[in-house]
Amino acid sequence: MNDELPRIQEQVYYGQINSHTDVLDKFLSESGVQRYNAKIIADGKVKPKFVSLCASILAKESILNDLYYLHSPETMDDLKPVTHLLVVDMTSKKGMKLLREGIRYLISGSKIARVGVLFNANKDATLPSLVFMKAFEMTTSSYSHKKGVLQFLDQLCSFYEQEYILASVDTKSYQKIIDRVFQLADANGLPSKAYESSLPGFSAENLTSYLNKVAQFLFRTIGVESGINAVVTNGRVIQLLEGSTFLSHDLHLLESLEFKQRIKHIAEIIEEIKWDDVDPDVLTSKFISDVVMAISSSSSTRDRSSESARFEILSAEYSAVIMQNEHASIHIDAVIDPLSSSGQKLSALLRILSKYVQPSMRLVLNPVSSLADLPLKNYYRYVVPTTDDFSGTDHTVNGPTAFFSNMPLSKTLTMNLDVPEPWLVQPLVAIHDLDNILLENLAETRTLQAVFELEALVLTGHCSEKDHEPPRGLQLILGTRNTPHLVDTLVMANLGYWQMKVFPGLWYLQLAPGRSNELYVMREDGEGGQDSTLSKRITIDDLRGKLVHMEVKKRKGMEREKLLVPVDDDDSHSTTKKGSQNGWNSNILKWASGFIGGKDQSKKEANSSLEPKSGGRYGKTINIFSVASGHLYERFLKIMILSVLKNTHRPVKFWFIKNYLSPQFKDVIPHMAHEYGFEYELITYKWPTWLHKQKEKQRIIWAYKILFLDVIFPLALEKVIFVDADQIVRTDMGELYDMDLKGRPLAYTPFCDNNKDMDGYRFWKQGFWKDHLRGRPYHISALYVVDLVKFRETAAGDQLRVFYETLSKDPNSLSNLDQDLPNYAQHMVPIFSLPQEWLWCESWCGNATKSKAKTIDLCNNPMTKEPKLQGAKRIVTEWPDLDLEARRFTAKILGENIEEPQEQIVPPHQIESTNEDSSSEDNESKAEL
């Protein structure tokens, strides 16, 4: 209905629909079909198969050039834009059924279609089969213009099927069918004497050779194997597998749809062509019909966008840039908003096309009429390989480059790569902080160099279940034939989306052992649709990645079973955790190596000499998650790690989002883990293309803190604590890790309100937030606990993504994304409020409660805007010692020297305008509460 709504609105506007119009009746009469066949009317999940017949028609010795066609009565000399090629196994009942339906289709009448028959025997054809084929081809080549030819062929097919397909007769005896041909010819007004002179002395060897030639053509060009029945309509291939039927009504449906959607406009253009240099004797209706078939089949093999536009109607007298080229074979019309990010990319592509293709071009500038702010926030260059990359004098390959000149020296810049969606790219070598680049600090050269690595490709897909919602929580594994489980993931409720990290090669996708495999089976690809399969083969053979559509169905007897069984109470929750050794949650997925750890995990395994020290730690491992970007926040992150380890007695494993870590941090962290006795893992997840993406890097990082918690961690992981990089821990985190969250998936600390000086900044106590929260507290996102078992059972991740998609399109919403989103959604995704002492920050809490603080967060003070480094040294007494320890360790690993601190702490009342000089710190502190 949504697809038809614009058309309804248009017809209402023009008066074609009024209050007396039956809208349903009108639309069914205009665009409805009288018959449904799933093989013809694609549902969008399986794309129709198209092949190009152009080369076969242009070849001198081709099966199609020697083929003769059948027509409806009295239409032989008319142009036939639609061509049905029936691929018929004449040794099977199903093949003969298809052939008879094709003949009846023509008998019922078609003014725009013709039918050709390609015989495709499954095994060595018998002599009666060869006689039948000879008689059929002789009739189509010589008598297709006769009035009774279709009736003759229908009766001949019926006789042949009854006598030689259904009945058991001597396959060497063919005199009976020859006699029958003579009788039917006389009865239908065809010259029987011509058959009498040709059929008795036919050459079986020549006919067998012709069958082999047809079989080669069908396999190489059409992709149809021997013995398969199929219909090829202007290049669209529909194979008829076992259990499927294809009637004359289906041919009418196929003719109608293909002519309307693909062939009509091509036929109209070809009819208008003036064939000045072509012999008039050649310009027959068969010649024109062949041309339409060739062009329509060839054009259909190309992937086309459903969107189209007619730029010639644009009036752009004053806003267009026109570049004429009289000899150009290509003309480009482009409408560009010059101050948009897409305009940046498009202009770069047009520049490359202009240089190497040399088209004529018209650029229509289409800016936004009014702007409150400059929309472009970056400098952009498009890099593509060209012939200029190769030296003309030797074998040197320079490689493509992007050159930026006249860049501002005193502005803080960030370096990013804009890469194709399937690529996972990470910085491999970078001396400078790529998030905080000040060119004036780069000495006289004023240049910066970084090496990036294409680490892996992203395999994405959508999983569906017929007549049901996508099977959220379904677990998938991916591997090779010898090692089936290398990578794994789960299916989101959002569009049934899933993704995995892969490398080029041959992969096999399966349902994970356990509950997923017990309840579901994967459906076989193709048109059979009924059989199941254990695995789906996926070939990654280029750098464009792959989008996989897969369908599953419930096993017989499991139709009423639910994939995710919710835990109703705390006792059963704890029982599930204790018994997870036998439960489906841990039986299935032990993620780690491929999807989230990937290359980094391999590096850790290779560096067995860097195994972490035990350090006397014992008990259940505490999992802590954090994210940092830029050298400053990586400095904070190391201090946070040390503060956790010095106060926590149990084993600790840290999880870091890999996307934004610098090469230096990734070099140092294995040594730090070895020295201080902790585990770590680097995790990553590619932002889904269907989810509205943030433009600013800091907001993307905030989004990663909350949007993908259900899929970024191993499914065997039951709980994780997020700790901000700029936070100091003063207590044993085991206490928080073991805390009972009362069945809630999330636990946050509410903002404290005992610092009355900040009352004017507490936005959640007024306006929209006050009305929305309805007495619930507004929580701070610097520290929170995620019960991943409950989080997945309740589909909290899916619900948060739905809220995010709705709110994020409004630029005035989610100003503090990682904080606003869970607080906004807490009516649907409930939050357990942690005791106030679990998070203290000077700005909101004041000094009265500082002594009880279990963690201290360096949240920004909107009144003083004190730089974080300065505030950290003043607020947290242990911070300078922790910082010095972390810096000394880092310098030892990297082989650098550090200056011992000689800095004086500035009281907050002396801080006036120092914030103007702290722009190089990081942009995060400016936006953080």
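Two strands count as paired when DSSP finds at least two bridges between them, and strands here are DSSP E runs of at least two residues, while helices are H or I runs of at least four, numbered from the N terminus. Keep that in mind as you open this predicted model, where local features need pLDDT of at least 70, side-chain atom pairs count only at pLDDT 80 or more, and totals for chains, interfaces and linings use all residues. Residues are numbered from 1 along each chain as its sequence is written, and side-chain values use heavy atoms, leaving out hydrogens and water.

**Stop 1: the sheet**

Select E7, E8 and E9. These 3 strands form an open sheet in the order E7-E9-E8, with mixed pairing. Strand E7 (320–323) and strand E8 (331–336) are the edges; each has a single partner strand, so one side of each lacks a neighbour in the sheet. On average, neighbouring strands are turned by 10 degrees against each other, direction ignored.

Now zoom in on E7 and strand E9 (residues 360–365): they run antiparallel and are joined by 4 bridges. Pick Ile322 and you will find Arg362 of E9 opposite.

Axes are lines fitted to C-alpha atoms, for helices over the stretch in contact, and angles run from 0 to 180 degrees between N-to-C directions.

**Stop 2: two crossing helices**

Show helix H5 (residues 127–142) with helix H9 (residues 204–222). Their axes come within 10 Å and cross at roughly 80 degrees. That makes H5 roughly perpendicular to H9, a label for angles of 65 to 115 degrees.

Which residues of H5 and H9 make the contact? Display Leu127, Leu130, Met133, Lys134 and Glu137 on H5, and Ala204, Leu207, Thr208, Tyr210 and Leu211 on H9. Contact means heavy atoms within 4.5 Å. The set divides into 7 nonpolar, 1 polar and 2 charged residues.

**Stop 3: Glu163**

Move to helix H6 (residues 149–166) and select Glu163. Glu163 is partly exposed, at 21% relative accessible area; buried means under 20%, exposed over 50%, and partly exposed in between (1.4 Å probe, protein chains only). Its side chain makes a polar contact with that of Lys176 (2.9 Å). Glu163 and Ile177 lie 14 residues apart in sequence and 8.6 Å apart in space, C-alpha to C-alpha.

A polar contact is a pair of N or O atoms within 3.5 Å; within protein, one must be able to donate a hydrogen and the other to accept it, and residues adjacent in sequence count only if both atoms are side-chain atoms.

**Last stop: H19**

Finish at helix H19 (residues 697–704), where 7 of the 8 residues are buried; Trp702 is one of them.

Technical notes:
Angles under 35 degrees count as roughly parallel, over 145 as roughly antiparallel, 65 to 115 as roughly perpendicular and the rest as oblique. Ala, Val, Leu, Ile, Met, Phe, Trp, Tyr, Cys and Pro count as nonpolar, Asp, Glu, Lys and Arg as charged, and the others, Gly among them, as polar.
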